[in-house]
Amino acid sequence: MATPDAEETVAAPSTAEAVVAEAVRADGGDKEAVKSTSAAETIPAATPEEAPKSTEAVAPETTAESVEQELPEAAPVEPSIPEFKEESNLVADLKENEKKALEDFKLRIEKAIKDDEFRVPKKVVEVPKEPEPVAAPAAPVEEKKDADATTTAAAPDAAAPSSTETPAAPTAETSAPVSVEAVKEETAVAVAVVAAVEEKLEAAPKEESVAAPTPTPTPTTTEAVPPPATPEVQETTPAPEAAPAAVEAPAAAAPPAVEAESPPAAAAVETESKEEAAPAAAEVAKEAPVEEEPEDTTPPEDIALWGVPLLHTKGDKRTDVILLKFLRARDFNVNDAFSQLKKTIIWRKTFKADTLLDEEFGTDLDGFAYMHGKDKEGHPVCYNVYGFEDKELYQKTFGDSSKINAFLRWRIQVLEKGIKLLNFSPEGPSAMVQITDLKNTPGPGKKDLKKVANQAVVLLQDNYPELVAKKVFINVPWYFSALYSIVSPFLSQRTKSKFVVAPAGKTTEALLKFIPAEYVPVNYGGLSRLNDTEFSGVEAPASDVIVKAGEKSHIEIPVTEVGGTVVWDLAVVGYDVSYGAEYVPSAEGAYTTIIEKTKKLPSSTEEPVRNSFKITEPGKVVLTVDNSSRKKKIVIYRHTVKVAPAAESELAG
């Protein structure tokens, strides 16, 4: 998409509903309208059959010429509301209640700075760490229950040896593998387990000594009990420190019957130790390293917004301009204005808005929005193109949450670039003109895109108040009037006064009403080209002339710089005219030189005419426009003379 040299991109494609919502909320006010925009979802998307019917309902079918005759160049959304005029930022021009609110606001900010209210609270962010592998808690509990049951049954069995001869051997055999398995599982937390095991084993003999009165087992019982599982534990124990603890368990008990009970007891003790070790390991996992967010080191007295200090005692005249934006956005309610300002300052710090200008986001969306030129009152002008037909680019921009987050940062970055064009001087303009092109805008059915756009709108309305001086809608869809009628009741008169809608087929006329032709992009019928080398850095204001129906107009460009080259641009609103150019020397009897033969410029002409002629003698370039149509035509043109260095020195001499 050919666009003028983009000083700053400012917007992103969206649905028509989101565009209206953004227009509503661009001033940081009318928050009630935020809710109302959801009603727009009830408007059905146009089907191929429905669209023509709706078009007929909005306006009867007319020819292009009749449209040109009947419709104005640009009209307010509600003609009964006076057109918005930017208020003065000079304190002397304020009303008495506004002056008082401004003074109170300054004092409130001064107090907040002394109390350090604009500082971002310090946050500590935990860095997750993988816990070390430990045994599952469910299995050890069952093992403990089995071991406890075995230990409890051991005392009666010792009292009746004849009935326990057979089960004694299996008990020792089954408990030994449990002990080995426990030692394996506890290798990762060996130190904690060994300490717990030793503590339990030291207490075990004392408990077993209470059972001393039990009858001494017969030789048969002793023969039935296999040797302690110590060798098995020694062979299979991987941890060198845990092995001695397991070996000492049977050696500590003198009676043979107790010897048989030791392996189950050891298993129970180790199982309990495993249970105790699990919370310990979990505690280790919780004590993960932490990272602290960088502390806000900005001295309170140096807090600024868009490069303008907030503390009025700094003596910067621009401070009043910034503070008045927040006051006007909140109808000069000091408390509400301060609350919004405070949230904005803290948000900018957490969002790192001041460093956004250093980030790189690519150039894929540059063609959809750009900042270029200024209006007739000196406001920077932002062109926003909302059509979004490239599916691949759509997926690349909104494919997942990370891409959406990048888009939001890009959206804020480009607005910050645009704000750099404002100097916030009390005597000059401190807001922008927004041109919103709704051609090929996705209809009401594109809800996912609307959701993303609304996120951006919320950020803008909350943190960028009163930065729009005028919003001009061009190429509006057929359902725009219905959509606006839903939102309109929720808008303040101040906001409505900033809206202007260009009728169908009147885009160029609407823009020329507010913006000089040399700053209107060529794709909108103006003279501004992308990366223009002929007129860049040159003061060449455009002029215009009206050519009535059936008449011919001759535009003369006098030139005296011999050796130089004259360059000109010419465009016709609506075209459908004939054009020619010639050079007429000043000397009598000199021959006229035809530069361009007369040719037809059809209405489909997309770019203005550009040509040049090297001057060999003083004279004039004559541009002829023949309007053979039945409607008047507006011709816009500009020129400049480029003099070679040698010719410059001759002229100077």
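User: Why is helix α13 described as largely enclosed by the rest of the structure?

Analyst: Of the 12 residues of α13, 11 are buried, so the helix is largely enclosed by the rest of the structure. Buried means a relative accessible area under 20%, while exposed means over 50% and partly exposed lies in between, all with a 1.4 Å probe and protein chains only. The buried residues are T319, D320, V321, I322, L323, L324, K325, F326, L327, R328 and A329. This is a predicted model, in which local features need pLDDT of at least 70 and side-chain atom pairs count only at pLDDT 80 or more, whereas totals for chains, interfaces and linings use all residues. Residues are numbered from 1 along each chain as its sequence is written, and side-chain values use heavy atoms, with hydrogens and water left out.

User: What do the buried residues of α13 pack against?

Analyst: They pack against α5 (96–114), β4 (304–305), β5 (308–309), α14 (334–351) and α19 (493–496). K106 lies in helix α5 and touches H312, D320 and L323, not counting residues up to four places away in sequence; contact here means heavy atoms within 4.5 Å.

User: How do you know whether K106 is buried or exposed?

Analyst: The relative accessible area of K106 is 11%, so K106 is buried.

User: How does the length of α13 compare with what is expected?

Analyst: Helix α13 (residues 318–329) reaches 17 Å from its first C-alpha to its last, close to the expected 16 Å. The expected span is 1.5 Å times one less than the number of residues. Just after the helix, D331 takes a positive phi of about 50°.

User: What kind of ring pair do Y383 and Y524 form, and how do you know?

Analyst: A pair of aromatic rings is described by the distance of the centres and the angle of the planes. Rings of Phe, Tyr and Trp (its six-membered ring) pair if their centres lie within 6.5 Å, and planes under 30 degrees apart count as stacked, over 60 as edge-to-face and the rest as tilted. By this rule the count comes to 14 aromatic pairs. The centres of Y383 and Y524 are 5.9 Å apart and their planes stand at 15°, so this pair is stacked. Y383 lies in strand β7 (residues 380–385) and Y524 in the loop between α20 (507–514) and β11 (543–547), so the pair ties together parts that are 141 residues apart in sequence. Y383 counts as buried at 0% relative accessibility, and Y524 is buried at 7%.

User: Which rings are linked into a cluster, and what lies over the face of F84?

Analyst: Ring pairs link W306, W347, F351, F424 and Y464 into a cluster. K498 lies over the face of F84, at 4.7 Å from the ring centre, and the charged end of R638 sits over the ring of F535, 4.0 Å from its centre. For a charge to sit over a ring, NZ of Lys or CZ of Arg must be within 6 Å of the ring centre and within 35 degrees of the ring normal.

User: What makes β12 and β15 edge strands?

Analyst: Four strands form an open sheet in the order β12-β17-β14-β15, with antiparallel pairing. The strands β12 (552–559) and β15 (593–601) each pair on one side only. Two strands pair if DSSP finds at least two bridges between them; β12 and β17 have eight bridges, including the one that joins K552 to D626. Strands β14 (residues 577–585) and β17 (residues 619–626) also pair over eight bridges, and there A581 has L623 as its partner.

User: Is E539 buried or exposed?

Analyst: E539, in the loop between α20 and β11, has 74% relative accessibility and therefore counts as exposed.

Conventions: Helices (H or I, at least four residues) and strands (E, at least two) are DSSP runs, numbered from the N terminus.
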